[in-house]
Amino acid sequence: MPVLEPIFQVDDFSFRFPDLLEPTLRHITLTINPTERLVLTGPSGCGKSTLLYVLNRLYPHNCDGEVSGSVRIFGRLAQDYDPGEVNRKIATVFQDPDSQFCMPTVEEELAFTLENLQVPRQEMPQRIDRILHLTGLENLRHGVIQSFSGGMKQRIATACALIMEPECLLLDEPLAHLDPLTAKEFVSWLDHLQQKSGIAVVAVEHKLELWGSFFDREIDLTEN
């Protein structure tokens with residue numbers, strides 16, 4: 001079998017916000033491979049979310065941060081991607097799903113995501129049907145997003161990320177606003193999705209005990 005190219009290759013990478021004296025990330029080196037399940041850990045302030053936003057190109061593009069070292073995404077230097085281009089392969093779900101929603105219903109939100117990707121309108125119904133079936137959210141198609149629980153909103157936000165058909169899903173503390181039972185149900189749901197899709201999953205997380213054996217590998221940023 002051919003050796004698959006890494007999704008991310010981070011080499012001796014440091015990052016400093018323009019208003020801080022010290023770097024938030026120092027000399028980070030890591031490789032993330034296709035289909036891998038990886039969690040970034042460490043105490044608050046160690047740069048976990050910052051690294052996640054470097055991987056999806058939010059940083060330094062949106063904050064003019066100072067960088068050294070290199071980040072390659074699918075073998076290509078991160079800075080060579082146009083703004084938004086990498087989002088076709090790397091999808092992100094943020095800590096608060098409400099911050100990602102723009103439309104009232106699930107179907108409209110999924111369609112809005114596809115519109116932003118400039119997917120031809122005639123292809124949208126099939127893509128929406130497929131992702132609703134994959135995620136088990138068929139019965140929520142016409143539901144009003146703000147009427148659902150936090151756990152269901154997190155599933156909807158994840159479905160909106162997956163409808164982009166990315167190769168890697170980035171999660172920024174997805175269990176932060178969920179009670180323990182709902183969090184474990186979300187992890188089980190995500191485990192089933194990852195097995196079906198083969199997508200790589202990279203998460204920032206404090207509550208590792210709620211994930212069980214989900215992750216293949218843990219990277220503690222305080223050890224870099």
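Leaving aside neighbours within four places in sequence, which residues is Leu110 in contact with? I put this to the model, which is predicted. I found Leu110 in contact with Ile128, Ile131, Leu132, Ala159, Cys160 and Ile163.

**Entry: the cores.** I then looked up the core that Leu110 belongs to. This largest nonpolar core has 42 residues. Leu110, Ile156, Leu169, Leu171, Leu175, Leu190 and Trp211 touch the most other members. I listed the elements that each supply at least two residues of this core: the strands are β6 (90–93), β7 (168–172) and β8 (200–204), and the helices are α2 (106–116), α3 (124–135), α4 (150–162) and α5 (180–197). I also noted a second, separate core of 34 residues, with Leu52, Leu55, Ala78 and Ile219 among them. As a general remark, nonpolar side chains in soluble globular proteins tend to be buried together.

**Entry: β6 and β7.** I checked which way the side chains of β6 point. Ile90 and Thr92 point one way, Ala91 and Val93 point the other way, and all are buried. I then looked for the pairing of β6 and found four bridges to β7, in the parallel sense. Val93 has Leu171 as its bridge partner in β7.

**Entry: β1, β4 and β5.** I traced β1 (residues 8–16) next, and found that it pairs with β4 (residues 66–73) in the antiparallel sense over seven bridges. I followed β4 on to β5 (residues 76–77), where the pairing is antiparallel over two bridges. Here Ile73 has Arg76 in β5 as its bridge partner. Two residues lie between the strands of this hairpin, and Phe74 takes a positive phi near 50°.

Definitions and conventions
Residues are numbered from 1 along each chain as its sequence is written. This is a predicted model: local features need pLDDT of at least 70, side-chain atom pairs count only at pLDDT 80 or more; totals for chains, interfaces and linings use all residues. Side-chain values use heavy atoms; hydrogens and water are left out. A nonpolar core is a set of buried Ala, Val, Leu, Ile, Met, Phe, Trp, Tyr and Cys residues joined through side-chain atoms within 4.5 Å. Buried means under 20% relative accessible area, exposed over 50%, partly exposed in between (1.4 Å probe, protein chains only). Contact means heavy atoms within 4.5 Å. Two strands pair if DSSP finds at least two bridges between them.
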